[in-house]
Amino acid sequence: MKTLKIVALLMFLFVIFSVGTRAELEVQKIDKGSVVISELNNPAIFDFIINNKGPGENVEIYSLISVSMTPKGRFLLMPGKTTLEVRATPSEEIRSNQGFFNFEYQIKGDSSGIFKDTLLIKIVPLKEVLEINPEPLHPSSSVAKIVIKNRENTFLERVKLDFDSPFFEWTKEVSLKPYEEVTIELPVNKDKTKIVAGSYVVTATINLQDKETEIEGVLEYLENEGTSVEKSSEGIVLRKTTITKKNYGNTPVTAVIDIEKDVVSRLFTTYSIDPEKIERNGLSVRYVWMKDLNPSDYFSVEVTTNYTIPFIILVLIVL
């Protein structure tokens, strides 16, 4: 019976002591970047606001699993509130499991005992950290704008991005805070005249701490329609006329060439290409050619009217 009383007393004192030691410290955690990139060795960063209700003492922060904690070693924790930056770096084995990871850390004091709490971090692959969103590109633009977004709660320092697309090949270096967006401009250094309007993939190779991965975005190349017509003529009795249409835009167009002749001149006229349509309207005849033109394409029709025979007949009549 006496032994049971002694055991009960010891357990009571242990509970009182445990509650007392836990009550010595209060810790408020502020997340400054709790995302860890699986391929890298970057730490999760927190600010600990530690309220020490007891006397000043030497303490140490650590974890019993494979997570390295800083500051390392023992340091003096003064009475009252102290703000301390704490970094938690998980091992490679832990980083191989993507997703949320909750672990226990401890603060051990010389006299107050051990304070226990947990930290929640998130592990993501490098490929999912960054996002690129190219803005629509107008044919007249000399630069392309690309929005780079940090999708996660982590700091990214000196990220090298190698861009490749039908419009440019360029390298940029950026640094991003958690969830920050920056817009960069890349000179358009490729000939756009033969590129048709539409959607084009922009590839960005990410290089960070000698680790590489690729991400993609879609650039919309806007439409710009425009065709030109050129007409040249030479000769009097043997009259040659050349009509040329060219697509100066960046979208396919259907170019139409039409010529109208009277019932007399049409008898003495030949064409380099047979017309697709012939329309008669009273004493005139309309000839129509149509062709689909891609950007920078053109087509020509040569019309030759030989007035030699009518000229001879006219001269004979005059004579």
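Modeller: Start with the rings: Phe167, Tyr200 and Tyr221 form one aromatic cluster. Keep in mind that this is a predicted model.

Biologist: How many aromatic pairs are there by this rule?

Modeller: The count comes to 6 aromatic pairs. In one of them, Phe167 and Tyr200 have ring centres 5.4 Å apart and planes at 90 degrees.

Biologist: Why is the pair of Phe167 and Tyr200 called edge-to-face?

Modeller: Ring centres must lie within 6.5 Å to pair, and planes over 60 degrees apart count as edge-to-face. The centres of Phe167 and Tyr200 are 5.4 Å apart and the planes stand at 90 degrees, so the pair is edge-to-face. The two are 33 residues apart, with Phe167 in the loop between β12 and β13 and Tyr200 in strand β15.

Biologist: What makes Phe167 count as buried?

Modeller: Buried means under 20% relative accessible area. Phe167 has 0%, so it counts as buried. Tyr200 has 22%, so this residue is partly exposed.

Biologist: Now the charges. Why is the contact between Asp117 and Lys29 called a salt bridge?

Modeller: The rule asks for a side-chain nitrogen of Lys or Arg within 4 Å of a carboxyl oxygen of Asp or Glu. The closest N and O atoms of Asp117 and Lys29 are 3.1 Å apart, so by the 4 Å cut-off they form a salt bridge. The pair links distant parts of the chain, with Asp117 in strand β9 and Lys29 in strand β1, 88 residues apart.

Biologist: How do you know that Arg286 and Asp258 meet in a salt bridge?

Modeller: Their N to O distance is 3.7 Å, and the cut-off is 4 Å, so the pair qualifies. Arg286 lies in strand β22 and Asp258 in strand β19, so the bridge ties together parts 28 residues apart in sequence. Arg286, at 27% relative accessibility, counts as partly exposed. Asp258, at 41%, is partly exposed too.

Biologist: Which residues gather in the patch of negative charge on the surface?

Modeller: Asp164, Asp210, Glu212, Glu214 and Glu216. Strand β16 gives the largest share, 3 residues. Asp164 lies in strand β12.

Terms used
Residues numbered from 1 in each chain as written. Predicted model: local features only at pLDDT ≥ 70, side-chain atom pairs only at ≥ 80, totals over all residues. Heavy atoms only, no water. Patch = residues over 30% accessible without salt bridge, like charges linked within 9 Å, V, L, I, M, F, W, Y side chains within 5 Å. Areas by Shrake-Rupley, 256 points an atom, 1.4 Å probe, with all protein chains shown as cover. Lys, Arg positive; Asp, Glu negative; His and termini not counted. Charge placed at Lys NZ, Arg CZ, Asp CG, Glu CD. Helix = DSSP H or I, 4+ residues; strand = E, 2+ residues; numbered from the N terminus. Phe/Tyr/Trp six-rings, centres within 6.5 Å; stacked < 30°, edge-to-face > 60°. Buried < 20%, exposed > 50% of the residue type's maximum accessible area, 1.4 Å probe, protein only.
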